[in-house]
Amino acid sequence: MAKLQLTDDLFLGDGNHKKVWIHPGDEHLCVKVVFREPDEDLEREFGYRRALGSRAEQMPLLTKYLGEADTSEGRGYIFERIIDYDGSSSPTLLSLLEHCAGEGTEKEKSRLLRILQDFHREFLAERFFAAGMDPDNFLVQRVSPTEDRVRIIDNIGTSARLPLEYYVDFLARKRAEKYWRIFMDELCRDYPELMTEAWQKALR
């Protein structure tokens, strides 16, 4: 198979551990290249995906993983690229929170509350394993003119050596509930103008 050429015009961004490009052959995919192998974050995520097995394909919050590829930047890992129904880049939840806390309209705030309510429901239903609840790692994908969905792109899984929660539903749900409470506490601290008593009640 030919090596994927990751050029500047395809570059999406970088973080503490990796760089990300649009897949040169499919704009609906992205290619992640880590700075150093093995990468702890990626290994943690892959461990979670292995434990999930086929269930990973049925989890709306989790982006799809399609395997490895040889690239001009080294070994690449191919993932679903999160974009809106119209082809535009999906914003982070952090950017929506910042906007609505600043100059957001009532309509935009109502939309954000619905997004958070749906996220809450999916997070507990999937018993999702997040290693942290940074809203910069959550993308808000507009899948239709009237429907939004949060997708989690980073900081996935747990570094526990024997993660029993992966295999025991009761423990997995308790962990998800704990991490959602952490998320709510952080939102209340960082966005008190949004997290009114009514919002808190709707999201707990």
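**Figure 1. Helices H2 and H3 pack against each other in this predicted model.** Helix H2 (residues 93-102) and helix H3 (106-126) lie with their axes 10 Å apart, at an angle of about 145°. Axes are lines fitted to C-alpha atoms, for helices over the stretch in contact, and angles run from 0 to 180 degrees between N-to-C directions. Helices (H or I, at least four residues) and strands (E, at least two) are DSSP runs, numbered from the N terminus. From H2, the residues Leu 93, Leu 96, Leu 97, His 99 and Cys 100 meet Glu 108, Lys 109, Arg 111, Leu 112, Ile 115, Leu 116 and Phe 119 of H3, where contact means heavy atoms within 4.5 Å. By class, this contact has eight nonpolar, one polar and three charged residues. Ala, Val, Leu, Ile, Met, Phe, Trp, Tyr, Cys and Pro count as nonpolar, Asp, Glu, Lys and Arg as charged, and the others, Gly among them, as polar. Residues are numbered from 1 along each chain as its sequence is written, and side-chain values use heavy atoms, with hydrogens and water left out. Because the model is predicted, local features need pLDDT of at least 70 and side-chain atom pairs count only at pLDDT 80 or more, while totals for chains, interfaces and linings use all residues.

**Figure 2. Five strands form an open antiparallel sheet.** Strands of a sheet pair through backbone hydrogen bonds, either parallel or antiparallel. Here the order is E1-E2-E3-E5-E4, and two strands count as paired if DSSP finds at least two bridges between them. E1 and strand E4 (65-71) stand at the edges, each with a single partner strand, so one side of each is left without a neighbour in the sheet. On average, with direction ignored, neighbouring strands are turned by 25° against each other. Helix H1 (residues 40-52) packs on the sheet and touches E3, E4 and E5; the direction of H1 makes about 45° with that of E5.

**Figure 3. Strand E3 pairs with E2 and with E5.** Six bridges join E2 and E3 in the antiparallel sense, and a hairpin links these two strands through two residues. Within this pair, Trp 21 stands opposite Val 31 in E3. The bridge partner of Val 31 in E5 is Ile 78. E3 and E5 also run antiparallel, joined by four bridges. Leu 29 stands opposite Glu 80 in E5.

**Figure 4. The largest pocket holds about 730 Å³ of space.** Among its 26 lining residues, the closest to the centre are Lys 18, Val 20, Asp 136, Leu 139 and Ile 153. Strands E1 (11-14), E2 (18-23), E3 (26-34) and E5 (74-80) each give two or more residues to the lining, and the largest share, three residues, comes from E1. The lining divides into eight nonpolar, 10 polar and eight charged residues. On a 1 Å grid over the protein atoms alone, a pocket is an open set of points with protein on both sides within 12 Å along at least five of seven lines, a cavity is a set where a 1.4 Å probe fits but cannot get out, and lining residues have an atom within 4 Å of a point. Grid points are joined across faces, edges and corners, and a volume is the space filled by probe spheres set on the points.

**Figure 5. The second largest pocket holds about 210 Å³ of space.** Its lining includes Lys 107, Arg 114, Asp 118, Arg 142 and Pro 145. Helix H3 and strand E7 (147-152) each give two or more residues; the largest share, six residues, comes from H3. By class, the lining has two nonpolar, one polar and eight charged residues.

**Figure 6. The model has two cavities of 30 Å³ or more.** The largest cavity has about 60 Å³ of space, and its lining includes Tyr 48, Leu 52, Phe 129 and Asp 169. H1 and helix H4 (169-190) each supply at least two residues of this lining. The second largest cavity has a volume of about 40 Å³. Lys 18, Lys 32, Asp 39, Asp 41, Leu 42, Glu 45 and Asp 154 line this second cavity, and the largest share, three residues, comes from H1. The lining of the second largest cavity has one nonpolar, no polar and six charged residues.
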